[in-house]
Amino acid sequence: MKSHKTFRRLGALTVLFLILPMVASAQVDPFEADPLGLLAFLEQSQVYTSGTDVFEVFVCDVPDGNVPVDLAAAVADINAALQPYYAWLSSGAYLPAFVEGGTLIASGPSGWPDSIVLQSECESLAALNASGTAAGALVIVDAEYSGGYATAGVACEETGDCPITFPSNGRIMVVGASTVVSSQELPNGRLSTVAHELGHTLEFPHSFGGLTKFINGVTYEYDNPMDIMSGGSLVDLNVGTIAINRYAAGWMQSGAVFHRGGTVEYRLASIGTTGQQMLVLPTDTQGVFTMIGARSSVGFDAGVVTEGVEVYQIDQRATACGEVAEFICWGADRRTTSVPAIDDPESAVHVFEVGEFFPIGEAFVSVDAGSGGRWTVTVTGSTVSERFVDDNGNIHEANISTIASLGVTLGCNPPLNSEFCPDTAVTRAEMAVFLSRALEDQVDPTTGLGVFDDVPPNVWYTDAVARMVELGITTGYEDGTYRPNAPVSRGEMAVFLDRAFGSLGSDGDLVPFADVPENAFFAPATDALFDAGVTLGCQTDPLSFCPLDAVSRAEMASFLARVLVPPSE
Ligand SMILES: [Zn+2]
């Protein structure tokens, strides 16, 4: 069993609130450091998560201790186990390094499991004997138990009251000897407990069933067999940690993908696999969201009890971690609970396999496929009240919602995709993507690739432009370019739509748009759009189409919505 000393953060920000409540609350944005606005005070969670992280290791000799600990052997064992483990978790970004500190002599007994008082004495002794050059300390109490605790040590740097002689930040792990040496009576948790406590020094919280228990006066949040930061494996170091912890540490190169609405297919990659590793379903409350990650039984995840897609609710509101009302949970205090709740150390009910599905609020998630560490999930519906926050009151808002629900647009500010940018001109690259999705054309392109000099391979619009070529919807310009960044004119847009949805039809009589010459290349298309009710023109007196004007994204939404969902007669 592992125990975790709750790390109370009473840092500089709390002090500021007390002294200057008006100013502080108005100026401090706890989510400012996170470009995705997911986690509060993210920069403070990344103080120690990159490069080499040195811990001095001490053995603390207690009167009732009876487990001989060879310091050099223990240091070697810990390095051998934890270095490849954390290199795997961090994609090589982070390397813990344990070095010999020394032996400490404590006066009082360990008292385990009834109290952890002596561990505090060992912690104080380590403070007096540390070199002051390491980034943290690991204290092994020579008594026979397999628990431990850790403090992450960021707060004292803010308040300026860090111990002088000790790891300058008060960052420490204290563990029982059974966590590092073999013990017949207590074989559990060897080295996995040290890996767990190290996670706490990186600000990783427990991820558990959401039902905190108290056993022997100790908080018990170890019911998740999928995570080293909860139950993990009781015997071996053979499960990793969840996506949000890897994101918080800055170890997830490709960040996260957000779902705000519509029906969208996502591909999630397991640890060690290239690709998006975290899908976020936001809520209307900042700091509260659902995260979905993928886990495969390979590498250090060989011990996961179920392969598939795992679901967690993240809550950073003050009420979640018992902080004062103005404050917000961060780092090791944020609540990370499985969905649905587990309440059983062996259970993986929060992990969904291929063919399974589950609701998250008003959204619905299905796991469609999984192979080679990549999992395909489809999300339908929304967990937020507003699909886009920047289209309120826009005359095209209903049509924007229509094409969003059809998956034709995902938004304009990936990966958040909380905005539609209604007033921005549609580019030819966007036009290709809109049409590709509107046609539900998910066929991989072949002959259309590499046709245009200015359409590079493997960018977000490459496949869509290639499919437009293959479907005869675009031929590009005479100079062999597609001009992906050029705005689409209304005349071009008419041609695109007419070719893509050839059944629009014309009644044969050319509409007398004052500004559409009969021999213009877009004249048949504007006529077809008018006859189909997709456009009424840009003005009525005289009837005009404004063929050279750019098309805004909002206008395009209406054009596409009218094509895809024709107004009822
Ligand atoms: Zn813990």
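Modeller: Gladly! Keep in mind that this is a predicted model. Let us begin with histidine 200, which has a relative accessible area of 1%. Buried means under 20%, so histidine 200 counts as buried.

Biologist: Which residues coordinate the zinc ion?

Modeller: Here we look for atoms that sit around the metal. Three NE2 atoms do so, at 2.0 to 2.1 Å. In sequence, the donor residues follow the spacing H-x3-H-x5-H. They are His196, His200 and His206.

Biologist: Let us move on to isoleucine 244. Is isoleucine 244 buried or exposed?

Modeller: Isoleucine 244 has its place in helix H8, residues 243–249. Its relative accessibility is 0%, and therefore isoleucine 244 is buried.

Biologist: Which residues is isoleucine 244 in contact with, leaving aside its neighbours within four places in sequence?

Modeller: A contact needs heavy atoms within 4.5 Å. With those sequence neighbours left aside, the contacts of isoleucine 244 are Leu39, Met278, Phe289, Met291, Ile314, Arg334 and Thr336.

Biologist: How many Å apart in space are isoleucine 244 and tyrosine 312?

Modeller: Along the sequence, 68 residues separate the two. In space, going from C-alpha to C-alpha, isoleucine 244 and tyrosine 312 are apart by 9.0 Å.

Biologist: Now for helix H15, residues 553–564. How far apart are its end C-alpha atoms?

Modeller: Let us work out what to expect. H15 has 12 residues, and at 1.5 Å a residue it should span 16 Å. The model agrees with this, because the end C-alpha atoms of H15 lie apart by 16 Å.

Biologist: What covers the buried residues of H15?

Modeller: H15 is mostly covered, with nine of its 12 residues buried. Among them are Met556, Phe559 and Leu560. The cover includes helix H10 (397–405), helix H11 (428–438) and helix H13 (490–500).

Notes
Residues are numbered from 1 along each chain as its sequence is written. This is a predicted model: local features need pLDDT of at least 70, side-chain atom pairs count only at pLDDT 80 or more; totals for chains, interfaces and linings use all residues. Side-chain values use heavy atoms; hydrogens and water are left out. Helices (H or I, at least four residues) and strands (E, at least two) are DSSP runs, numbered from the N terminus. The expected span of a helix is 1.5 Å times one less than its number of residues. Buried means under 20% relative accessible area, exposed over 50%, partly exposed in between (1.4 Å probe, protein chains only). Donors are N, O and S atoms within 2.8 Å of the metal (3.2 Å for Na, K and Ca); water is not among the atoms, so sites may look incomplete.
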